[in-house]
Amino acid sequence: MTSQMSVDQTVSYTADEMMTVSAARALRDGMTCFVGIGLPSSAANLARATHAPSLVLIYESGTIGAKPGQLPLSIGDGMLAETADAVVSVPEIFNYWLQPGRIDVGFLGAAQIDKFGNINTTVIGGDYRSPKVRLPGAGGAPEIAASCREVIVVVRQSHRSFVERVDFVTSVGYGSGPGDRERLGLTGTGPKKIITDLGVLEPDPETLEFTLTGLYPGVSASAAKERTGWDLAIAAEPEIIAAPGPAELDALRRFQGTLARSHQ
């Protein structure tokens, strides 16, 4: 992908970079953000390094206000504790901060997601005892999905990940539609955005089915529809989301570069 900056200047970027930048922009300065590892962590740290310096990053391991200089390898990466404002116990993170609704936004990934924002990170195919693929599992994601004031999911879009019905509900989005979160006693408002490598989906105000509301430059609605395992609803006029700017790309690539060097 390229973004036209002027008559003779272009900035090149990948689909993953576009997705990460788009996810970072969804975070506002001063928010508290419960961060998952992987793409959510990249986006949250990019937001803190650019437009949201007061973003408070919270990781499941108990770090509050972590300010890593490079992307952490896991929630237990020592640099999270070294740079945090506070380190508390895991039970305190969940019982005091998360479950009472004190965290603004949860940033999650997914192996599968369906049209109501339900997430699967547990098993693919077969049944729970004998699946085709056993995934890493739930971790803190079910509690994040249940109790954060809102949730943003970051996931690459394909028939494999965007399915009509998830094989296993690890983390509840909107269940089977309106009223399910209330019936289950979930206190958070649920997923507000699914950010992919093609664009952005948001829940319909009435049906809560996720609808394509934004597209990246050069991506068509038909392309997004072709990579979705259900009959994807499309807004009448999807927003064309601005391409990454030089500052956003520079900051993201610095993070990615330090991560790559840490593996050497």
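User: Let's start with Ala-141. Which residues does Ala-141 touch, not counting residues up to four places away in sequence?

Analyst: A contact list like this leaves out the chain neighbours and keeps what the fold brings together. This is a predicted model, by the way. Here Ala-141 touches Leu-108 and Ser-171. As for its place, Ala-141 is found in helix H5, residues 141–147.

User: Is Ala-141 buried or exposed?

Analyst: Look at the relative accessible area: under 20% counts as buried. Ala-141 has 13%, so it is buried.

User: Okay, let me try another one. Where is Asp-180 found, and what is it in contact with, leaving aside its neighbours within four places in sequence?

Analyst: Asp-180 is found in helix H6, residues 180–184. Leaving aside those neighbours, Asp-180 is in contact with Tyr-174 and Gly-175. At 11% relative accessibility, Asp-180 counts as buried.

User: How do I read a pair of helices? At what angle do the axes of H1 and H2 cross?

Analyst: Picture a line through each helix, then look at the angle and the handedness. The axes of H1 (residues 15–25) and H2 (residues 39–49) come within 8 Å and cross at roughly 60°. H1 and H2 are therefore oblique to each other. H1 passes H2 in a right-handed crossing.

User: Which residues meet there?

Analyst: A handy idea for helices first: an α-helix has 3.6 residues a turn, so residues three or four places apart point the same way. In this pair, Met-19, Thr-20, Val-21, Ala-23 and Ala-24 in H1 meet Leu-39, Ser-42, Ala-43, Leu-46 and Ala-47 in H2. By class, the contact has 8 nonpolar, 2 polar and no charged residues.

User: What about cysteines? How many disulfides does a search of the whole structure find?

Analyst: For a disulfide, two cysteine sulfur atoms must be within 2.5 Å. The search finds 0 disulfides. The sulfur of Cys-33 is 8.0 Å from the closest cysteine sulfur, in Cys-148, which is too far for a bond. Seen from the other end, Cys-148 is in no disulfide, and its nearest cysteine sulfur is that of Cys-33. Cys-33 is buried, with a relative accessible area of 0%, and Cys-148 is buried, with a relative accessible area of 0%.

User: Last one, a backbone angle. What is phi of Leu-208 near?

Analyst: Phi of Leu-208 is near 65°, a positive value in a residue other than glycine. Leu-208 sits in the loop between strand S14 (199–203) and strand S15 (210–215). With a relative accessible area of 17%, Leu-208 is buried.

Notes: Residues numbered from 1 in each chain as written. Predicted model: local features only at pLDDT ≥ 70, side-chain atom pairs only at ≥ 80, totals over all residues. Heavy atoms only, no water. Buried < 20%, exposed > 50% of the residue type's maximum accessible area, 1.4 Å probe, protein only. Axes fitted to C-alpha atoms, helices over the stretch in contact; angles between N-to-C directions. Helix = DSSP H or I, 4+ residues; strand = E, 2+ residues; numbered from the N terminus. Parallel < 35°, antiparallel > 145°, perpendicular 65-115°, else oblique. Left-handed = near helix turned anticlockwise from the far one by under 90°. Contact = heavy atoms within 4.5 Å. Nonpolar A, V, L, I, M, F, W, Y, C, P; charged D, E, K, R; others polar.
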